Amino acid sequence: MCPAIVDAVKTRISEKARALGFDAVGFAAAELGPEARTRLADFLAQGRHGSMSWMADRAEQRSHPRALWPQARSVIALGLSYAPESDPLANLAHPETGNISVYARGRDYHDVVKGMLKHLAAFIVSRCAEPGTEVKVFVDTAPVMEKPLAMRAGIGWQGKHTNLVSRRHGSWLFLGEIYTTLALTPDEPHADRCGTCTRCMTACPTDAFPAPYQLDARRCISYLTIEYDGPIDPEFRPAMGNRIYGCDDCLAACPWNRFAQAGHTAKLHARPDLAAPDLADLASLDDAAFRARFTASPIKRIGRARFARNVAIAIGNSADPRLIPAAEHLVRDSDPVVADAASWALYRLKLPG
Ligand code: B12
Ligand code: SF4
Ligand code: SF4
C-alpha cells in the first residue's frame with residue numbers, strides 16, 4: 001500500500017476504535033526492542049514471577065510477537081479507561097468491609113475488551129484490508145507483553161509502578177491488542193513522563209518495588225490475593241489490610257490521574273454490592289453461593305478457596321471482635337489454606353487490647 005493509503009487505513013481504524021468505545025489507539029511494528037526481552041529475562045531469572053510459571057513457559061512468544069505469530073507485521077494497541085468516579089482508596093478506611101480493586105468491581109474486563117476487539121478486527125478485515133489479511137486479538141491472558149507494546153504504539157509510557165500511564169487517562173487503562181498481517185506505519189513511541197516523581201513506589205504497602213520500573217510480584221498484594229494459591233507469608237498479612245482482591249495503591253498515587261475523567265463503559269462500572277462488601281457476609285459464602293455472587297466478575301476466576309483465604313486475612317486485620325464468629329466459621333473450613341488464615345485471624349482478634 002502507498003503511504004497515503006496506509007494513513008487513510010489507520011485513520012479509519014482509529015475512528016472505528018473510538019466509535020466502539022476505546023479511549024486510546026496506536027500502531028506499532030510487530031516487534032519488541034531488546035530492552036523488553038532482556039528485562040523480562042531478568043525478571044524471570046530473579047524469580048520475581050513467583051508461582052506464575054506460565055510466564056516463563058512461553059517467554060519466547062511473550063517477548064517476540066513474531067515468535068507467537070510469524071506472519072504478524074503490525075500491532076494495533078488499544079486502551080479502555082476504567083477510571084473510577086470517586087476516591088478509589090476510600091474503602092480502605094472501613095476494615096469491617098472488604099476492598100476490591102477498581103478493575104474488578106464491575107464486569108470482567110477480559111470479556112468486555114475482547115468483545116470490542118473482535119468487532120474492530122472484523123471491521124478491519126471486511127472494510128480496511130485486501131483479501132487474505134489476517135488478525136488476532138489479545139487481552140491479558142495471551143503471551144504478549146502488552147505494556148511495552150502499548151508504549152511503542154504511543155498510547156502512554158510504563159511508569160515507575162511498571163503499568164502504562166496515559167496523559168489523558170492516568171493509570172486507569174485496560175490494554176488489548178490486535179496483531180495483523182497488514183503493514184501499518186508505526187506511531188512514535190511515548191516518552192517517559194515520570195520525571196523525579198516516586199509517589200507510586202512510596203505508596204506501596206508491601207515495598208514491592210526493588211527499583212524504579214521493577215516489580216517483585218512475590219511481594220505485590222495483587223499477586224498474593226489473585227495469583228497465589230498457597231498460605232500467604234505472615235510478613236505480608238498485616239499490610240494487606242482489607243484488600244481482598246487486587247490492590248490499587250500505586251495506581252491511585254499517580255499525579256497523572258488528575259486529568260482522568262471517569263470511564264464511560266457502563267459494563268465496567270462498579271456493582272453496588274462490590275463497593276464495600278461486608279466481610280461477615282463474604283465469609284459465609286459456600287462454593288455455590290460464591291459462584292452465584294461473582295457471576296460475570298473476574299473474581300470468579302480465583303475460586304472460592306483463595307477468596308475465602310483473603311477474606312479471613314482481612315478479618316484478622318479488622319480489629320473488630322464482632323467478626324470473631326466469621327473467623328471461627330472459616331477455621332472449620334475443609335481447605336487447609338483457608339483454615340490457616342482464619343486461625344491467624346482469630347489469634348489477632350483475640351489479642352488483648
Ligand atoms: C503478570 C501480570 C501481573 C503480575 C505482575 C505485574 C508486573 N508488573 O509484571 C501481577 C499479578 C502482580 C499483576 C498485578 C497487576 N496488574 Co497485571 N498483568 C500481568 C500481565 C499478564 C503480564 C505483565 C508482564 O509481562 N510482566 C513481566 C514484566 C517483566 O514486564 P513489565 O511489567 O512490562 O516489566 C517491564 C518493566 O520492568 C520495564 N523496566 C525494567 N527496568 C526498567 C528501567 C527503565 C528505565 C524502564 C523505562 C523500564 C524498565 O521493562 C519491563 C519490560 O517491559 C499483564 C498482561 C499482559 N499480557 O501483558 C497484566 C497487566 C499488566 N495487569 C494489569 C493490571 C490492571 C494490574 C493491576 C493494576 C491489577 C490490580 N489492581 O490489582 C496490578 C498492578 C500491579 C503493578 N504495579 O504492576 C494491566 C495493566 C494495564 C496498564 N495500564 O498498564 C495489564 C496490562 C492487563 C491488561 N490487559 O490490561 N499483573
Ligand atoms: S498493586 Fe499494591 S502491592 Fe502491588 S505494587 Fe502496587 S501498591 Fe504495591
Ligand atoms: S506515580 Fe509518579 S513515578 Fe509513579 S507512574 Fe506516576 S508519574 Fe511515574
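**Entry 1: the whole chain**

I am working from a predicted model. I counted the elements of the chain and found 16 helices and eight strands. Next I looked up the overall dimensions. The C-alpha trace spans about 75 × 40 × 35 Å along its principal axes. I then checked the radius of gyration. A compact globule of 353 residues would have one near 20 Å, and the chain has 21 Å, so the two agree. Buried residues make up 44% of the 353. Residues 24 or more positions apart account for 78% of them.

**Entry 2: helix α6**

I picked helix α6, residues 109–128. The helix has 20 residues and reaches 27 Å from its first C-alpha to its last. That is close to the 28 Å expected at 1.5 Å a residue. Which residues of α6 are buried? I listed Tyr109, Val112, Val113, Met116, Leu117, Leu120 and Ile124. They cover an arc of only 120 degrees around the axis, so they sit on the same side of α6. I turned to the face away from that buried side and found the exposed residues Ala122 and Ser126 there. What do the buried residues of α6 pack against? Their partners are helix α1 (3–20) and the strands β2 (74–81), β4 (135–138) and β7 (173–180).

**Entry 3: ligand 1**

I looked up the shell around ligand 1 and noted 37 residues. Glu146, Asn163, Tyr213, Ser222 and Gly246 come nearest. By class, I sorted the shell into 22 nonpolar, eight polar and seven charged residues. Which elements each supply at least two residues of this shell? They are α2 (34–45), α7 (146–152), β7, α9 (221–227) and α11 (249–252). Strand β7 was already in my α6 entry, as a packing partner of the buried residues there.

**Entry 4: ligand 3**

I found 13 residues around ligand 3. Those that come nearest are Gly159 and the cysteines Cys194, Cys197, Cys200 and Cys254. The shell holds eight nonpolar, three polar and two charged residues.

**Entry 5: Gly241**

I located Gly241 in the loop between α10 (237–240) and β8 (243–245).

Notes. Residues numbered from 1 in each chain as written. Chains lettered and ligands numbered in written order. Predicted model: local features only at pLDDT ≥ 70, side-chain atom pairs only at ≥ 80, totals over all residues. Helix = DSSP H or I, 4+ residues; strand = E, 2+ residues; numbered from the N terminus. Expected span 1.5 Å × (residues − 1). Buried ≥ 20, exposed ≤ 12 C-beta atoms within 10 Å, placed from the backbone. Arc of directions from axis to C-beta. Contact = placed C-beta atoms within 7 Å. Near = placed C-beta within 6 Å. Nonpolar A, V, L, I, M, F, W, Y, C, P; charged D, E, K, R; others polar. Rg over C-alpha atoms; globule rule 2.2 N^0.38 Å.
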